[in-house]
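Me: I would like to learn how to read the aromatic rings in a structure. Please show me the model.

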Amino acid sequence: MAEIIRTSAEQSDVGAAELYLHIPFCMHKCGYCDFLSFRADADARERYVRALIREIGDAGRALCGTRIVTVFVGGGTPTILDAGQMERIFRAVRRSFLLDVDAEITVEANPGTVDEEKLSALRSCGVNRLSIGCQSLDDHLLKKLGRIHSREEIFSCFRAARRAGFENISVDLMSAIPDQTYRDWVRTLRGAAELGPEHISAYSLILEEGTPFWRRKDSLRLPDEDTERRMYEDTRTILSEYGYERYEISNYAKKGRRCRHNVGYWTGVPYAGIGLGASSFIGGERFRNTDDMASYLGYFGRADRGCLWQDTPVKRERERLSKQDAMAEFVILGLRMTEGISEAEFSRRFGRGIGEVYGTMLEKHCLEGLLERQNGRIRLTERGFSLANYVMCDFLPD
């Protein structure tokens, strides 16, 4: 089948969605990680790629006519796949979907799993954004996190990506990790900013139940609460010196370089999740694929997959959002962004004024100095960003 590409003008009469592809494999499971990821041999990875390509085809037929405005390949470590496997995956995407000519196409990459040849192959596939999982620029902290790479390998990976032609690179950093001092964090922040990536994600460590860090939580030497808050609050000040603007609770970008895929999540753009454990939000309904590898490979290994993609037996946890749930999600996700939410857009979507639904909560948090209402928008204040979880909990449905 010929590759399907349309101009924006030709696609303006159809709906838009985002595409997420999950590659669950990694070289080594980090101590903090609760994502669906695991080690697998070359044969298992190849069988998975074949199944993934079949699901891409099924989803493309189900979503025929839907414009795909962003593609994000996450994991795990997607770059554990070889160049040929990545090329086959992207060939299937372009064959199966209406991909915008200016679509943002991101692949997550970990230092130690890429070289210039593989990065050049990704560029040849049309990948135009790279997200590098750094976490820290301190070798001793990288070891504590369980990362397989060193500080120097991060720099080498970044330089190789530039040589391969990547002009839009994001780096992921993590604060409040075991044995990390405030000075460690500042050194990592400045070191990353001096590399000059277009985007920086700066997250605080969260101890997730079931992870090795969770099981050792009583023995981990974590920064105290005041230090953790100082790390978060000073991140914005430090990165602003290098031309980065915070646009979401934990994300910073140079002008015009926000992650369009994540902005789509926060603003309610529909998305299709392909791969093991991947979640979708289509037509007001949420569902996710099984996280059982055998079930996934078994179903997509069959030739007689008669079901529509949305109705396949590997789909789990179906949920159609109620109006109350949709309103709460609009507020909670929208408040993550520095622009906050539009009162007019809330009324347009739900047929009710936001004050009519959430007046008590809005008044409470405005009086506390955590929210502000200006020019038809509601947003977190600077102090509100530090207490965002407290604010957002009040908007959860009963």
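Me: Is Phe25 buried or exposed?

Reply: Buried means under 20% relative accessible area, exposed over 50%, and partly exposed in between (1.4 Å probe, protein chains only). Phe25 has a relative accessible area of 0%, so Phe25 is buried. Phe38, at 26%, counts as partly exposed. This is a predicted model, in which local features need pLDDT of at least 70, side-chain atom pairs count only at pLDDT 80 or more, and totals for chains, interfaces and linings use all residues. Residues are numbered from 1 along each chain as its sequence is written, and side-chain values use heavy atoms, with hydrogens and water left out.

Me: How many aromatic pairs are there?

Reply: Rings of Phe, Tyr and Trp (its six-membered ring) pair if their centres lie within 6.5 Å; planes under 30 degrees apart count as stacked, over 60 as edge-to-face and the rest as tilted. The count here is 16 aromatic pairs. One of them is edge-to-face because the planes of Phe25 and Phe38 stand at 85°, with the ring centres 5.7 Å apart.

Me: Where does Arg246 lie?

Reply: A charge sits over a ring if NZ of Lys or CZ of Arg is within 6 Å of the ring centre and within 35 degrees of the ring normal. Arg246 lies over the face of Phe385, 4.1 Å from the ring centre. Arg123 lies over the face of Phe166, at 5.5 Å.
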